[in-house]
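Please read the following report alongside the sequence and the coordinates, which are shown here.

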Amino acid sequence: MKLSNNLEKPHVQGHISSQYSETRQALVERKTVNKYELTDFLLRSNLEDLMCLSAQLRNASNPRFISYSRKVFINLINLCKDTCSYCTYKKEPDDRYAVMLTPSQVLALAEAGKRLGCTEALIVTGERPETKYQHVRSWLANLGYKNLSELIADISEQILKKTGLLPHTNAGSLVKTEMANLKSTNVSLGMMLESTSNRLNAAGAAHEKAPSKIPKIRIKSLISAGELNFPITTGLLIGIGETFEEVLDSLITIDEINKKYGHIQEVIMQNFLPKIGTAMAYSLSPTFTYFLRCVASARIILKNINIQVPPNLSPNIYSKYIDAGINDWGGISPVTPDFVNPECPWPTIKELKKATYDSGFILRARLPLYPSYIIDPLLKNRFIHPRLKGYIEPLVDNYGLVKEDYIKDEY
Ligand code: SF4
């Protein structure tokens, strides 16, 4: 059975088989379900049933809070060796919007974030721009660094020491040695898997010109982070030409890696939005029902992983995502825009707080490291570098969330 990504109508089953009921019950009881039964269950379920189950599973482990991370988005360098067919973040060196920040500019941003109650310094770069552009190599040499990862490590150190903001770097598919160099300064990493579909790297597809998006390269990075006990956020971009079966395969792959290493703290379910000036400018966004189906499936498959949908990509329909089982809204900044989706402003915290409350939950700020890694002594010792504990502990309460009196002004 092959499903397209335009599931306007729920995929209603003809009758509820005993196998279907058994699988559902096993999921409710958090028992292991093999991937074939799980996939079959998710393909057969209608959307209403899926959302009912996903919300039930979220509520069983977290009946109270939906979190977000108050961050400053540090757009360190937006040049990139790859070209994804949907991306407007990447710029060429001669583009007036090309950005290459100096360490002092980064620190000024981090300090502004600190003043406004941020706890996360999200450091974002394109994929290995120094391998493509002499311009970038010269910039790094002038600053005194051999490569981009050396610059990120040093900048992370300065942010941590001078502001106490906790660095979380998303620099694409880092290799193990690069990650190891960030372990003492970054509380977690970020890297979107996007999809496990190799079809998306074929001619004419979304990742044709993005070799770093070959699934096995991204999977290797996820595994490397696991081998280093480095908490990591990953995610899927939904609606870029994949099928629903491929979404399920991507989620099951993430789950299998996490079962082995326990380090995948969060999966972002991001809906594709076509952008002017890109090769996919005239592609359609995923339908809302298809995206909700993907979000609910993520909650069901990834039992122990936090599920996020970025609220700025779907304004005014927040309650539907809560109904689909999410427990996080991701990073929101009072200082900087979403440089990856600059056309989509962040909601205000007040707005998000009200929408979350109206759905029966309390909005709370978290660190760029999820609470379970902070409050569980075993996880804490395994996943947090010893020197980072002194930065993390003063910021959190007994839930591992940001102390409520840390943020003075809500906006
Ligand atoms: S999405 Fe990331 S890897 Fe792809 S072109 Fe943009 S910056 Fe580069």
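## Overall fold

The structure is a predicted model, and the secondary structure of its chain comes to 15 helices and nine strands. The radius of gyration of the chain is 21 Å, close to the 22 Å that the globule rule gives for 411 residues, so the chain is as compact as a globular protein of that length. Along the principal axes, the C-alpha trace spans about 65 × 50 × 40 Å.

Of the 411 residues, 45% count as buried. When contacts between residues at least 6 apart in sequence are considered, 77% of them join residues at least 24 apart.

The largest nonpolar core holds 103 residues, of which Met-269 and Val-295 touch the most other members. Helix H10, residues 288–301, gives the most to this core, with nine residues. With residues up to four places away in sequence not counted, Val-295 touches Met-269 itself, together with Ile-307, Val-309, Tyr-321, Ala-324, Gly-325 and Ile-326.

Because 12 of its 14 residues are buried, H10 is largely enclosed by the rest of the structure. The length of H10 agrees with expectation, since 14 residues at 1.5 Å a residue should span 20 Å and the end C-alpha atoms are 20 Å apart.

Ile-301, which is found in H10, is buried, with 25 other C-beta atoms within 10 Å. Leaving aside neighbours within four places in sequence, Ile-301 is in contact with Leu-38, Leu-251, Ile-252 and Asp-255. Ile-301 and Arg-115, by contrast, are 186 residues apart in sequence and 39 Å apart in space, C-alpha to C-alpha.

H8 is followed by Asn-229, whose phi is positive, near 55°.

Leu-193 lies in the loop between strand E4 (188–190) and helix H8 (215–227), and it counts as buried because it has 24 C-beta neighbours inside 10 Å, where 20 or more are required. Beyond its neighbours within four places in sequence, Leu-193 is in contact with Arg-218, Leu-222, Thr-234, Gly-235, Leu-236, Ser-250 and Ile-254. Leu-193 and Leu-122 are 71 residues apart in sequence and 18 Å apart in space, C-alpha to C-alpha.

## Two loop residues with positive phi

Most residues other than glycine have a negative phi. Glu-194, however, has a positive phi near 75° although it is not a glycine, and its place is in the loop between E4 and H8. Glu-194 is buried, with 24 other C-beta atoms within 10 Å.

Arg-30 also has a positive phi, of about 55°, without being a glycine, and it lies in the loop between helix H1 (18–28) and helix H2 (35–44). Whereas Glu-194 is buried, Arg-30 counts as exposed, because it has 12 C-beta neighbours inside 10 Å and a residue with 12 or fewer is placed in that class.

## Phe-73 in strand E1

Phe-73 lies in strand E1, residues 65–77, and is buried, with 23 other C-beta atoms within 10 Å. Apart from neighbours within four places in sequence, Phe-73 is in contact with Leu-122, Val-124, Ser-333, Thr-336, Asp-338 and Phe-339. The C-alpha atoms of Phe-73 and Lys-389, which are 316 residues apart along the chain, are separated by 23 Å.

## Surroundings of the ligand

The residues around the ligand are Cys-80, Asp-82, Thr-83, Cys-84, Cys-87, Tyr-89, Lys-90, Gly-126, Glu-127, Gly-172, Ala-210 and Ser-212. By class, this shell has five nonpolar, four polar and three charged residues.

Terms used
Residues numbered from 1 in each chain as written. Predicted model: local features only at pLDDT ≥ 70, side-chain atom pairs only at ≥ 80, totals over all residues. Near = placed C-beta within 6 Å. Nonpolar A, V, L, I, M, F, W, Y, C, P; charged D, E, K, R; others polar. Helix = DSSP H or I, 4+ residues; strand = E, 2+ residues; numbered from the N terminus. Contact = placed C-beta atoms within 7 Å. Rg over C-alpha atoms; globule rule 2.2 N^0.38 Å. Core = buried A, V, L, I, M, F, W, Y, C linked by C-beta atoms within 7 Å. Expected span 1.5 Å × (residues − 1).
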